[in-house]
Amino acid sequence: MPTLQTILRRVTFTQALIVAAVIRLVVVAYIEYHDSHSILKFTDIDYRVFGDATKLILKPDLPKGRLSEGKLAKALGMNFGDPYARDTYRYTPLLALTLLPNEWIHPIWGKLLFSASDLVVGAVLYKIFMMTKGPRQADRKSSPRMAEVAKTEQEAIKWVGAGSKSEENGFLSSPLVSFLPQMIASLGSGFLLGWHMEDTPLAWFTQTVLFVNFNKVCTSQYFMWYMWFLPLVLPNLSISKSRSAFLLGSWIIGQAIWLSIAYRLELLGFNVYLPLWGASILFSLINFFILGQILQSYATYKQRIQKQD
């Protein structure tokens, strides 16, 4: 009987893309059903914010609505509404414009559009992976400093982590100064890891992980910002299955603790600020630990390749 790994090897990328599209359609359909029958909505609140901004573009006469003062509206001589009249809408106006079919056709349009965009990202990832698969001999020898780079990167993470702790203790009060840990970590990791084309996906992944973890605002979906780099990074890691399971389990447990306390605060109204603060620190430490393990395993893989050459 063929194993799951054997079956997966026989699947073409086109077939995988079709299956992925079907899964997304099923999930979107379930979300529509769930949201119409449950108090706890599956759809994130930001989607409603997007939709409200779109409504204000079409109907500036709504309460709190106002006419747009943008150059495009003036150039076309049209009375577009201002999407920024919607509180907490801080995104590009193009996002609200792309969701106009939400009003013209059906509110599900945006979810289908985002799902299609996700498939496009998958196709781009596959193309990048095929282009970087099996690095050339010269490329393999171009990064003899990878182990030292990984070590330096971890030292940088620890140093910036100390800066973040100082910020949490109220030592850094200026908004600009409090942004420094995030800026230094993101830019520094790019300089440390981005010298060679073959290491670019790891640099992207590391920069995004650090940016998200040091950001002042963090929600569960922010982790998707860096997770989609994983298909490009994972093939270049030298890590056991048991170690991978331990890291994944640690991440899931850390997020579960964090989200469960956040649920009690946001939806149940309990005073759990102190436990939430502790859970946030714990989850951040777990993320930094996992990032350090990934960097180490990447360095180990590169060293093994160099020895084979």
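User: Which side chain does Arg86 meet in a salt bridge?
Analyst: Asp52. This is a predicted model, and in it the side chains of Arg86 and Asp52 form a salt bridge at 2.9 Å, N to O. The two residues are 34 apart and link distant parts of the chain: Arg86 sits in the loop between helix H4 (71–76) and helix H5 (93–98), while Asp52 belongs to helix H3 (residues 45–58).

User: Is Asp52 buried or partly exposed?
Analyst: Partly exposed, because its relative accessibility is 21% and buried means under 20%.

User: Nice. And what does Asp87 pair with?
Analyst: Asp87 makes a salt bridge with Lys64, at 3.9 Å from N to O. Asp87 is in the loop between H4 and H5 and Lys64 is in the loop between H3 and H4, so this pair ties together parts that are 23 residues apart in sequence.

User: How exposed are those two, Asp87 and Lys64?
Analyst: Asp87 is partly exposed at 47% relative accessibility, whereas Lys64 is exposed, with a relative accessible area of 65%.

User: OK, what about Asp82, which side chain does it meet?
Analyst: That would be Arg66, in a salt bridge of 3.0 Å, N to O. Here too the loops are involved: Asp82 lies between H4 and H5 and Arg66 between H3 and H4, so parts 16 residues apart in sequence are tied together. Asp82 counts as buried at 13% relative accessibility, and Arg66 counts as partly exposed at 41%.

User: Switching to helices. How do H12 and H16 run relative to each other?
Analyst: They are roughly antiparallel. The axes of helix H12 (residues 200–213) and helix H16 (residues 273–308) come within 11 Å and cross at roughly 170°. Angles over 145 degrees count as roughly antiparallel, so that is how this pair is classed.

User: Which residues make the contact?
Analyst: On the H12 side they are Leu202, Phe205, Thr206, Val209, Leu210 and Asn213. H16 contributes Ser284, Asn287, Phe288, Leu291, Ile294, Leu295 and Tyr298.

User: I also noticed Thr208. What does it touch, leaving aside neighbours within four places in sequence?
Analyst: Thr208, which is found in helix H12, is in contact with Trp225, Tyr226 and Phe229. At 16% relative accessibility, Thr208 counts as buried.

User: Now the surface. Which residues make the nonpolar patch?
Analyst: Phe179, Leu180, Met183, Ile184, Leu187, Phe191 and Trp195 make a nonpolar surface patch of about 700 Å². Phe179 is in the loop between helix H10 (175–178) and helix H11 (180–193), and is partly exposed with a relative accessible area of 33%.

User: Where is Phe270?
Analyst: In the loop between helix H15 (241–266) and H16. Phe270 counts as partly exposed at 41% relative accessibility. Not counting residues up to four places away in sequence, Phe270 touches Arg264 and Leu265.

User: Last one: how many helices and strands does the protein chain have?
Analyst: The chain has 16 helices and 0 strands. Of its 309 residues, 32% are buried. The accessible surface is about 19,700 Å², with 67% of that belonging to carbon and sulfur atoms.

Conventions. Residues are numbered from 1 along each chain as its sequence is written. This is a predicted model: local features need pLDDT of at least 70, side-chain atom pairs count only at pLDDT 80 or more; totals for chains, interfaces and linings use all residues. Side-chain values use heavy atoms; hydrogens and water are left out. Patches are made of residues with over 30% relative accessible area and no salt bridge: like charges are joined within 9 Å, nonpolar side chains (Val, Leu, Ile, Met, Phe, Trp, Tyr) within 5 Å. Accessible areas come from the Shrake-Rupley method with a 1.4 Å probe; for residues, only the protein chains shown count as cover. A salt bridge is a side-chain nitrogen of Lys or Arg within 4 Å of a carboxyl oxygen of Asp or Glu. Helices (H or I, at least four residues) and strands (E, at least two) are DSSP runs, numbered from the N terminus. Buried means under 20% relative accessible area, exposed over 50%, partly exposed in between (1.4 Å probe, protein chains only). Axes are lines fitted to C-alpha atoms, for helices over the stretch in contact, and angles run from 0 to 180 degrees between N-to-C directions. Angles under 35 degrees count as roughly parallel, over 145 as roughly antiparallel, 65 to 115 as roughly perpendicular and the rest as oblique. Contact means heavy atoms within 4.5 Å.
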